[in-house]
Amino acid sequence: MMFVPESPWWYVRKNRMADAEKSLRRLASPKVNIAASLAFIVETDRLEQELEAGSTYLDCFNKTNRRRTEISIGVYCTQVLSGIYLINFGTLFFSEAGLSTDQAFDMSVGFLAVGFVGTIVSWFFMVNIGRRFLYVWGLLVLVILQLVIGILDCIPGRPKGAIWTEVVLMLIWNFFYDISIGPICFVLLGECSATRVRSKTIATATAAQGILGIVMTVAIPYLISPAEANLQGKLGFFNAGLAGICWVWAYFRVPETKDRTYEELDLLFDKNVPARQFRGYQLEGAVSAGAHEKSAAYE
């Protein structure tokens, strides 16, 4: 962390332009026009400070911003409801599934390693495939995997092969989580929240996710424990049910924000364009062209 450069946005807000330019040169590719990018950051920061002045948390839920706040809260809360909090109790889950203590610990380490690889893969998918596709269809894969895990746990006698299959599917589940709804959530948070109340919208979404996180942190040990619900792999049914509800919501509500400027997103939300039409929706030429010119100058 000692070698991580400070954000050029932070330097601009502190009026340290020379440091902002130096940081930007470290972070940007050689093709980026540094002067144009720095000017873009300065102007965007000025506009955002003007827009956020006088805004309150109630503005997140007014008629103009309500849909954008709903999407921000929804994509963040879906992380919890999809079953990711099981990672916190991975060793316990694998142990109760039938693995030895050493095997359970090793699989928990593997769980995190697979997630790390999946996150790196998501960088490339995010740029080339898009947000909505990865989020919606990645979430559907998570639902299916959890259902299969639950079904395998219902096999009479729970043979060793079924137990190991459950464990492997959990690793695969974690990989798909970390190439889809795990990292994509944070991109959608920034792109779907309204500029005027972006910080407040993200804070609200984080609070909602935190509350659900507390519930899951309390509930999961009871669901796994042999002295309580003792669900073992049948926890897959529980997670699949919650994630399935989230998938239905995401299919109809999560838009495609890839290749859209913030100005275009504002117009799309103002026009109340359905989420499934965001990708191909054509905006009026003058406004859309101006937005693309800004985007091209930034790039």
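Biologist: Which loop does Asn272 lie in?

Modeller: The one between α12 and α13 (285-298). Helices here are DSSP runs of H or I with at least four residues, numbered from the N terminus. Bear in mind that this is a predicted model: local features need pLDDT of at least 70, side-chain atom pairs count only at pLDDT 80 or more, and totals for chains, interfaces and linings use all residues. Residues are numbered from 1 along each chain as its sequence is written, and side-chain values use heavy atoms, with hydrogens and water left out.

Biologist: Why is Asn272 called exposed?

Modeller: Exposed means over 50% relative accessible area, buried is under 20%, and partly exposed is in between (1.4 Å probe, protein chains only). Asn272 has 54% relative accessibility, so it counts as exposed.

Biologist: And what makes Asp19 partly exposed?

Modeller: Its relative accessible area is 29%, so the in-between class applies. Asp19 is found in helix α2 (residues 17-27).

Biologist: What does the side chain of Asp19 make a polar contact with?

Modeller: The side chain of Arg16, at 3.0 Å. A polar contact is an N or O pair within 3.5 Å; within protein, one atom must be able to donate a hydrogen and the other to accept it, and residues adjacent in sequence count only if both atoms are side-chain atoms.

Biologist: What is the phi of Asp259?

Modeller: Near 65°, a positive value in a residue other than glycine. Most residues other than glycine have a negative phi. Asp259 sits in the loop between α11 (235-253) and α12 (262-270), and at 60% relative accessible area Asp259 is exposed. Asn272 also has a positive phi, about 60°.

Methods
Helices (H or I, at least four residues) and strands (E, at least two) are DSSP runs, numbered from the N terminus.
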